[in-house]
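This briefing concerns the protein chain shown below. Please keep its sequence and its three-dimensional view at hand while reading the points that follow.

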Amino acid sequence: MAGRSSLSVEQRAAAIGLFDGGWADRAVATRLGVSRPAVARLYGRWRVRGGCGAGE
């Protein structure tokens with residue numbers, strides 16, 4: 001089982017908002033000043049769970 005995220009709740013919320021706005025994981029990591037691998041994992045979960053405009 002994977003460990004806890006290195007991103008705070010606020011950072012995860014901000015990243016998801018940026019993903020919803022069309023930002024990719026690398027750009028989000030740079031914008032937020034956080035680890036790219038952590039953002040990439042979150043991005044992958046976001047896409048699987050219905051990101052990328054699902055439901056529109």
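Helices, at least four residues in length, are DSSP runs numbered from the N terminus. The model is predicted. The protein chain contains 3 helices and 0 strands, and its pattern along the sequence is α-α-α.

**Helix α1**
- Helix α1 spans residues 9-20, a total of 12 residues. From first C-alpha to last it reaches 17 Å, close to the 16 Å expected at 1.5 Å a residue.
- Ala15, Leu18 and Phe19 are the buried residues in α1. They lie on the same side of α1 because the arc they cover around the axis is only 100°.
- An α-helix has 3.6 residues a turn, so residues three or four places apart point the same way.
- Val9, Glu10, Ala13 and Asp20 are exposed on the other side of α1.
- The cover over the buried residues of α1 includes α2 (25-32) and α3 (36-48).

**Nonpolar core**
- The largest nonpolar core has 12 residues, among them Leu7, Phe19, Val34 and Trp46.
- Two or more residues of this core come from each of α1, α2 and α3. Helix α3 provides the largest share, 5 residues.

**Whole chain**
- Of the 56 residues in the protein chain, 25% are buried.
- Among contacts with a separation of 6 or more, 32% join residues 24 or more positions apart.
- The accessible surface of the protein chain is about 4000 Å², and carbon and sulfur atoms account for 51% of that surface.

How values were computed: Residues numbered from 1 in each chain as written. Predicted model: local features only at pLDDT ≥ 70, side-chain atom pairs only at ≥ 80, totals over all residues. Heavy atoms only, no water. Expected span 1.5 Å × (residues − 1). Buried < 20%, exposed > 50% of the residue type's maximum accessible area, 1.4 Å probe, protein only. Arc of directions from axis to C-beta. Contact = heavy atoms within 4.5 Å. Core = buried A, V, L, I, M, F, W, Y, C linked by side-chain atoms within 4.5 Å. Areas by Shrake-Rupley, 256 points an atom, 1.4 Å probe, with all protein chains shown as cover.
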